[in-house]
Amino acid sequence: MARTPRSSSETPAPQIQAPPTAATVTHVGLDTESIRQDVLDNLQYVQARFPEVATRNDWYLALAYAVRDRLLERWTSTAHTYKDRASRTVCFLSAEFLLGPHLHNNIVNLGIEGEVRDALKALGLDFDALVEQEQEPGLGNGGLGRLAACYMDSLATRNIPAIGYGIRYEYGIFDQRIENGWQVEESDTWLRLGNPWEIRRPEITYAVGFGGRAESWCDEQGRYRARWIPGRTVRGMAYDSPILGYRTNTANMLRLWKAEAYQSFKLAAFNHGDYYGAVEEQLVSETITKVLYPNDEQLGGRRLRLAQPYLFVSCALQDMIRIYLQSGSNLDGFHTKYAVQLNDTHPALAVAELMRLLVDEHCYGWDEAWEITRHTFSYTNHTLLPEALEKWPLQLFGSLLPRHLEIVYEINRRFLDEVRARYPGDTDRLRRLSLIDESGERYVRMAHLAAVGSSAINGVARLHTALLGQSVLADFHDLTPEKFSNKTNGVTPRRFLVVANPGLAALISSRIGDGWVRDLAQLSRLEPLAEDPDFCSAFSDVKLTNKRRLAEQLADRTGVRADPESLFDIQVKRIHEYKRQHLNVLHVVTLYRRIKHDPTLQVTPRTVIFGGKAAPGYWMARLIIKLIHSVAEVVNADPDVAGRLRVAFFPNLNVKNGQRIYPAADLSEQISTAGKEASGTGNMKFSLNGALTIGTLDGANVEIREEVGAENFFLFGLTAEEVEVRRRDGYRPWEIVDGDPELAAVLSLIADGHFSPAEPNLFRPLVEGLTGWDEYMLLADYRAYVEAQERVAEMYRDQGRWTRMAVLNVARMGKFSSDRAIEEYARDIWKVEPVRIELEA
């Protein structure tokens with residue numbers, strides 16, 4: 001709003017003199033004194049506190065705002081450069097961004113950790129305590145969201161113009177607490193103390209409709225027109241966070257959307273005593289972005305799970321259109337400006353929404369709009385599990401998004417006409433390729449929509465991509481094989497080595513320099529050091545320090561005291577039957593039983609550590625967590641196994657806790673059924689930190705084994721092809737039990753209540769599931785797994801050889817950087833070039 005000029009007769013406003021220190025503060029200086037002064041100024045002028053009464057959170061916020069100022073300088077320079085150059089931009093659409101804490105990672109990327117530590121020391125503050133104070137953003141759950149976060153880090157590090165679009169969840173999926181061995185879900189109130197890294201944008205909002213009806217007519221030129229009249233409209237508001245690259249001026253934007261009501265408070269209703277009615281619209285609207293992955297067992301939960309991705313893809317596309325039209329009069333070149341990546345099927349609705357916006361709102365003809373749409377999107381598939389490929393009941397979809405259902409029908413009609421022309425008379429192929437699943441209750445297949453509406457489709461590991469073209473998307477591969485490619489996942493070494501394992505990072509840099517942080521392939525220069533006794537001794541010392549630190553955390557959080565000298569055998573990931581945490585438990589019970597039968601047995605001391613969350617509605621996964629705790633309770637209390645076997649469950653696995661766990665592992669458990677894991681990234685984080693892997697030929701394990709060497713990987717189990725053959729030929733798990741007395745005894749201990757004497761039948765359903773059908777073939781792999789674990793134990797006793805193998809694992813992990821993956825996406829799929837950013841004066 002323009003200011004009204006002050007008349008000469010008005011009394012001038014009093015001038016407020018800036019405090020003496022303000023003139024010296026630049027908010028961008030990277031030296032110790034500038035940082036120290038900014039922290040003090042933020043404490044006073046942002047937090048309104050003085051040092052004597054400031055809490056740890058006050059100091060954390062003061063430091064966070066000081067660091068953020070330095071990010072914002074780079075962010076505004078980045079945005080200005082992209083605008084001036086009209087840079088082609090990657091838009092990464094993801095339902096999750098599991099970022100992890102910002103503070104330490106941003107300090108590392110700015111290259112000012114030493115200066116920050118010195119500034120805080122001068123103020124009498126502990127850097128590590130302030131880092132620990134930060135709440136982890138509750139914006140993701142597992143590998144999908146963490147991959148998105150790694151990719152945002154690498155996009156900025158590789159100077160690729162990019163925007164991340166997602167949802168600003170008010171509450172994360174849940175905080176996990178363990179009570180009597182059972183998982184208890186508590187609200188993840190990550191925003192309770194504020195989020196200094198985000199910037200609220202109340203002027204960037206978009207209308208998003210739900211329900212209502214669609215209407216059609218012919219305009220004056222006789223063209224078919226349609227419009228959607230929603231029954232309810234909410235508003236999506238933008239919240240932005242800068243994502244800084246490593247030692248670069250590029251800071252890309254992560255823009256997340258929060259749902260709000262158009263009228264948050266109805267005064268008339270309030271004045272009539274209808275206090276709930278006065279705020280009902282706001283409460284209902286905000287529910288959409290309230291919680292990450294609400295339980296969808298009930299209809300209301302399913303409606304919410306569909307509303308969430310639609311809200312964010314609609315806002316994202318409207319935002320892209322707004323930005324594009326700032327420098328253009330139409331959307332003809334929209335697909336040349338933006339490369340939009342669909343991170344799994346959650347954002348697949350973007351295909352139908354862009355068609356709606358182009359056809360209904362911007363008056364494009366169908367063919368023109370479809371040409372723009374299919375050249376805009378690319379689709380990454382992250383799963384081979386049919387149940388994880390989203391599909392929505394037609395009735396639910398149509399009631400929430402009636403116009404989009406019409407658009408899906410039209411996309412499907414035209415697509416199937418193309419298929420008929422290509423494969424005349426092949427009705428089975430038409431049925432399989434149709435966007436509508438006609439078997440039983442009718443569904444909209446979101447993976448099919450993404451595949452049809454994208455110019456490129458990729459898997460996330462070589463095996464996964466091959467199986468994708470042979471199974472869940474086989475017909476699409478036959479139709480358009482040129483669309484398919486592989487882009488093996490990667491992880492960022494900044495967070496998962498520099499931040500998570502500073503001891504190892506410093507050791508590596510002391511020998512080969514720090515160029516590896518930007519170019520992970522340089523780790524190969526460590527290979528000769530695997531034969532260097534001094535380096536191996538220092539490497540072992542770092543590992544032992546990390547294990548001691550984790551042992552302290554375990555004791556504090558679980559009461560289980562672990563010997564840091566023992567083999568730390570770790571499996572931390574989402575709890576799911578195909579990930580086979582219960583196979584690991586079977587091995588634990590096997591060891592326990594062997595020791596009980598022969599107390600003099602020589603056993604390599606081992607601490608088995610589990611961690612991970614189970615979906616609230618996934619009963620078997622919850623039961624597996626209970627089984628782990630029940631076995632741990634018995635094993636840890638038995639004096640016969642003391643000093644030889646311990647079991648623990650690290651609660652509330654997230655990025656922050658993962659940063660404690662990965663550096664401490666000796667053995668990484670990657671034991672999913674072959675052909676079920678798309679890629680995995682936990683396997684990469686463990687190996688990068690010097691853990692050896694015991695695993696199947698599944699996901700990225702295949703490529704990790706190729707890189708680190710078969711001799712440095714403990715392989716076991718059926719291959720994906722062998723799994724299919726077993727299943728096709730009639731798999732009979734009970735025959736395996738009958739032929740393996742040790743396995744039968746282990747299962748009997750569990751089924752008969754040895755580990756649950758108060759509820760003897762508690763675990764019987766789990767055992768009966770294994771002996772009856774064993775969907776994920778634990779029993780088929782049991783004996784090979786136990787034998788592989790015996791090789792692990794033997795190898796660990798030779799500490800010199802184990803350390804050499806661990807060093808080689810680190811040295812050969814260069815391929816698995818997210819930087820490499822982003823370079824491949826940019827070159828092969830997005831066709832986008834880096835843009836160097838210079839800071840503005």
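Asn 712 is buried, with a relative accessibility of 3%; buried here means under 20% relative accessible area, exposed over 50%, and partly exposed in between, using a 1.4 Å probe and protein chains only. Asn 712 sits in the loop between α26 (701–708) and β22 (713–715). Helices (H or I, at least four residues) and strands (E, at least two) are DSSP runs, numbered from the N terminus. Beyond the residues up to four places away in sequence, Asn 712 touches Leu 692, Met 805, Leu 808, Asn 809 and Arg 812, where contact means heavy atoms within 4.5 Å. Its C-alpha atom is separated by 22 Å from that of Gly 675, 37 residues apart along the chain.

A word on what you are looking at: this is a predicted model, in which local features need pLDDT of at least 70 and side-chain atom pairs count only at pLDDT 80 or more, while totals for chains, interfaces and linings use all residues. Residues are numbered from 1 along each chain as its sequence is written, and side-chain values use heavy atoms, with hydrogens and water left out.

**The chain as a whole**

The chain holds 33 helices and 22 strands. Its radius of gyration is 28 Å, close to the 28 Å that the globule rule gives for 841 residues, so the chain is as compact as a globular protein of that length. That radius is taken over C-alpha atoms, and the rule is 2.2 Å times the number of residues to the power 0.38. Along the principal axes, the C-alpha trace spans about 95 × 80 × 60 Å. Buried residues make up 60% of the 841 residues. Of the contacts with a separation of 6 or more, 75% join residues 24 or more positions apart.

**Strands and their partners**

Let's turn to the sheets. Strand β6 (residues 213–218) pairs with strand β7 (residues 224–229) in the antiparallel sense over six bridges; two strands pair if DSSP finds at least two bridges between them. Cys 218 has Tyr 224 in β7 as its bridge partner. The two strands β6 and β7 form a hairpin with five residues between them, and Gly 222 in the turn has a positive phi of about 80°.

Elsewhere, an open sheet of three strands runs in the order β12-β14-β13, with antiparallel pairing. β12 (391–393) and β13 (436–437) stand at the edges, each with a single partner strand, so one side of each is left without a neighbour in the sheet. β13 pairs with β14 (residues 443–445) over two bridges, and Ile 436 has Val 444 in β14 as its bridge partner.

**A buried helix residue**

Ile 750 belongs to helix α29 (residues 741–751) and is buried, with a relative accessible area of 1%. Leaving aside neighbours within four places in sequence, Ile 750 is in contact with Leu 586, Val 589, Leu 627, Phe 755, Phe 763 and Val 767. The C-alpha atoms of Ile 750 and Gly 164, 586 residues apart along the chain, are separated by 47 Å.
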